[in-house]
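Here is a guided walk through one protein model, taken region by region. Keep the viewer open and follow along.

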Amino acid sequence: MNTLNVALIKREVRVLKGFDFFLVLLVLALSIFGVFMVEAVARLLPIYSHLPAQQQFHIATGFFVMLIVAFVDYRIIARLYIPIYVVCMALLTVVLIIGPDNMTATARWIRLSIGGLDLSVQPSEIAKLFLIVSLSTFISKFENVNRVHIIALYLALTAVPVIFVVLQLALSAAVVLLTVGLVILFLSGLYLRTILITTILALPAAIMTYLDMHRQQPIFITQILTERQWIRIQTFINPIPGSDEHMQVERSIFAIGSGGLNGLGFQENLTFVIHGHNDFVFAVAGEQFGFTGSLLILATIGTIIIKCFTTAYRAVDKLGMLLAGGVGGLLLFQTFVNVGVVTGMLPNTGIPFPFMSYGGTHMWTHMAAIGLVLNVGIIRRREDISGEPYYQI
C-alpha cells in the first residue's frame, strides 16, 4: 500500500470522528423506548398487538435511511432541490386526487402493497423534510434575503404545500410546515426590523382571531375551520369534563398526574390513556415513569435539538446551517406542541412526539432529518482537516 493510500485512509478515519455517534445513540434510545411504550398500549388493547413489531421495522428501515442521507454530501442533495420540491407537490396532489375516504375527511395516506407487505405513506410528513431541503437551498443562494421580491417568492413556495396540506384537513401538519418555513427564513439572515414590522402588521389579525374565537357566535373563524377543528378549539377554551371531545386530553392529564414522582411502574396499572401509541405516547410514559421519567425524556429530545442547532452554528456554509437549523426547528416545535397538548396547555392536535410516537412515515422522515444534521457535521469535519471544500455546487 503506497503512501498516498495510507494518507487517504488516515484522513477518512479522522473524518469519521466528525460523525456524531452520541446524536445517533440518543435518537436510537428514544426510538427504542418508544417501542416499549407502544407495547404497553398493545398489552392493554390486544387489537394493537401487531404495532410493536411494525414500529421495530420502522426504526430499522429509518436507521438505514438515516445513514444513507448522512453519507451523501448534502450539497449534492441540494442540487436536486427543484425536483425534490416537485416530488413533494406531486405526492400532496396524489393525496387530493385519491379523494375523501369518508364523508367528512380527506385521505392523508397513500397505501402501497410491496411483496405482500402493506405500507402506508403520509405525504404531509415527507413534505416536512422535502420542504427543509428545498427552502434551505433556495434561500441560501441569496446573500441578502431582505428584499421584498425574495421574501415574497420564498413565502409563496412555502404557502403552496401548506395550502395543499390544509386541503387534506391536516391543519396541524400545515402549521408545522409553515413554522419550519418561517424558522428557515429567520435563520437565513432576516433583519430584526423586518420581523418587527411583520409582527406589527399581523398583530391586528391575531387579535381579531382571538376575539372571534371567544364570541358565542363566531363571525369568520367557523368559515375557515372544519367542524371537527372548531370543536377541538371550543373544547380547549371551554372544556366539558367527561365529554367525548375532552376525554383523551382529560385521561392524559390524569395519567401524568397519577405517575407522581417515579411512576406506577413499567407496564403496570396502565389504565388512563387507552389509545396512547400515537400522539399521547408521552402521557403513557409519564404514567409509568412519573415526573422523573418525563424529565429524562425531555432532556433526551432537548439534547438532540441542541445538537442540531450546534451543528448549524458550526456549519461550513449557509446551506448547511439552514438545513441543520431547520431540522432543529422542526423537532423543537413538534415537541413543544405535543407536550402542550398532552398536558392540556394547547388544543388537541395530531402532532406526534419525535421518534417515540408510532408511525412509519413519521419515523422515516425524522430519521432522514437527523441524517441531514449528521451530514452537515461530517462535511464540517472533512473541510477542517483538508482546509479545502470537499465539494462545490
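**A walk through the model**

Helices and strands here are DSSP runs (H or I of at least four residues for helices, E of at least two for strands), numbered from the N terminus. A word on the source: this is a predicted model, in which local features need pLDDT of at least 70 and side-chain atom pairs count only at pLDDT 80 or more, while totals for chains, interfaces and linings use all residues. Residues are numbered from 1 along each chain as its sequence is written, and side-chain values use heavy atoms, with hydrogens and water left out.

The patch itself is made by Phe 64, Val 65, Ile 68, Val 72 and Ile 76, and has a surface of about 400 Å². Patches take in residues with over 30% relative accessible area and no salt bridge, joining like charges within 9 Å and nonpolar side chains (Val, Leu, Ile, Met, Phe, Trp, Tyr) within 5 Å. Accessible areas come from the Shrake-Rupley method with a 1.4 Å probe, and for residues only the protein chains shown count as cover. Val 72 sits in the loop between α3 and α4 (74–78), and is partly exposed at a relative accessible area of 34%. On this scale, buried means under 20% relative accessible area, exposed means over 50%, and partly exposed lies in between (1.4 Å probe, protein chains only).

Zooming out, the protein chain has 15 helices and 2 strands. Buried residues account for 47% of its 393 residues. Its accessible surface is about 19700 Å², and 68% of that belongs to carbon and sulfur atoms. A contact is a pair with heavy atoms within 4.5 Å. Of the contacts between residues at least 6 apart in sequence, 70% join residues at least 24 apart.

Next, the inside. The largest nonpolar core has 94 residues, of which Ile 139, Ile 304, Phe 353, Phe 355 and Ile 370 touch the most other members. Helix α14 supplies the largest share of this core, 12 residues. Such a core is a set of buried Ala, Val, Leu, Ile, Met, Phe, Trp, Tyr and Cys residues joined through side-chain atoms within 4.5 Å. Phe 355 lies in the loop between α14 and α15 (360–386), and is buried, with a relative accessible area of 0%. Its backbone also deserves a look: phi of Phe 355 is near 75°, a positive value in a residue other than glycine. Most residues other than glycine have a negative phi.

Helix α8 (residues 171–187) shows how a helix can be covered by others. Its 17 residues reach 24 Å from first C-alpha to last, close to the 24 Å expected at 1.5 Å a residue, where the expected span is 1.5 Å times one less than the number of residues. Among the buried residues of α8 are Ser 172, Ala 173, Val 176, Leu 177, Thr 179, Gly 181 and Ile 184. Their cover includes α6 (123–140), α7 (148–167) and α14 (318–342). After α8 comes Gly 189, with a positive phi near 115°.

What does Gln 229 touch beyond its neighbours within four places in sequence? Gln 229 is in contact with Leu 169 and Leu 171. Gln 229 belongs to helix α11 (residues 227–237), and counts as buried at 17% relative accessibility. Although 58 residues separate Gln 229 and Leu 171 in sequence, their C-alpha atoms are 8.3 Å apart in space.

Finally, the charges. Side chains of opposite charge can pair when their charged atoms come close. The structure holds 5 salt bridges, each a side-chain nitrogen of Lys or Arg within 4 Å of a carboxyl oxygen of Asp or Glu. One joins Glu 39 and Arg 43 at 3.5 Å, N to O. These two are 4 residues apart in helix α2 (residues 21–44), so about one helical turn separates them. Glu 39 is partly exposed at 24% relative accessibility, whereas Arg 43 is exposed at 59%.

In another salt bridge, the closest N and O atoms of Asp 73 and Arg 75 are 3.3 Å apart. Asp 73 is buried at 5% relative accessibility, and Arg 75 is buried with a relative accessible area of 5%. Glu 125 and Lys 128 also meet in a salt bridge, at 2.8 Å from N to O. Both lie in helix α6, 3 residues apart, about one turn of the helix, and both are buried. Shared partners link salt bridges of Asp 73, Arg 75 and Asp 317 into one network.
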